[in-house]
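Reader: I'd like to learn how to read a model like this one, step by step. Could you walk me through it?

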Amino acid sequence: MSMEREQLDLPSYKDSSCCSPSEEGRKSHHSDQVKNSLVSRLNRIEGQVRGIKGMIEKDVYCDDVLNQIASVQSTLNGVGKLLLEHHLKSCVIERIQEGDTEVLTELIITMNKLMK
């Protein structure tokens, strides 16, 4: 099943606060739908990684293993893109509206890490 760009039917970004301050720092507050989708995708990735481990243990041809690794990386990037999209449309907008422009520096640093 391809998960390259499975769209989420996200709730209105104005309806829920994504990032709110707490004693431990900022926390995300994703809807159950978003959280379930992300966890489901990560569970599939976890299964793919276990499969790759099994391939190595069974001495599967290197090119086949490398192709599976590329698939996992692509799928993980997809999870990151969805989370980034939700973050931009909720947390970042919310913090800018509150006058917190430090979020832009934080976002640039994070995007640079994602693009490595």
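This is a predicted model: local features need pLDDT of at least 70, side-chain atom pairs count only at pLDDT 80 or more; totals for chains, interfaces and linings use all residues.

Reader: How much of the chain is buried?

Author: Of the 116 residues, 28% are buried. As for the surface, the chain exposes about 8200 Å², and 55% of that area comes from carbon and sulfur atoms.

Reader: Which residues make up the largest nonpolar core?

Author: For a core, look for buried nonpolar residues joined through their side chains. In this chain the largest such set has eight members: Val34, Leu38, Ile45, Ile52, Met55, Val65, Val72 and Val79. The elements giving two or more residues to this core are α1 and α2, with α1 providing the largest share, five residues.

Reader: Now a single residue. Where does Val60 lie, and is Val60 buried, exposed or partly exposed?

Author: Val60 sits in the loop between α1 (32-57) and α2 (62-97). Buried means under 20% relative accessible area and exposed means over 50%; Val60 has 29%, so Val60 counts as partly exposed.

Reader: Which residues is Val60 in contact with, leaving aside neighbours within four places in sequence?

Author: With those neighbours set aside, Val60 is in contact with Met55 and Val65. Both Met55 and Val65 belong to the largest nonpolar core.

Key: Residues are numbered from 1 along each chain as its sequence is written. Side-chain values use heavy atoms; hydrogens and water are left out. Helices (H or I, at least four residues) and strands (E, at least two) are DSSP runs, numbered from the N terminus. Buried means under 20% relative accessible area, exposed over 50%, partly exposed in between (1.4 Å probe, protein chains only). Contact means heavy atoms within 4.5 Å. Accessible areas come from the Shrake-Rupley method with a 1.4 Å probe; for residues, only the protein chains shown count as cover. A nonpolar core is a set of buried Ala, Val, Leu, Ile, Met, Phe, Trp, Tyr and Cys residues joined through side-chain atoms within 4.5 Å.
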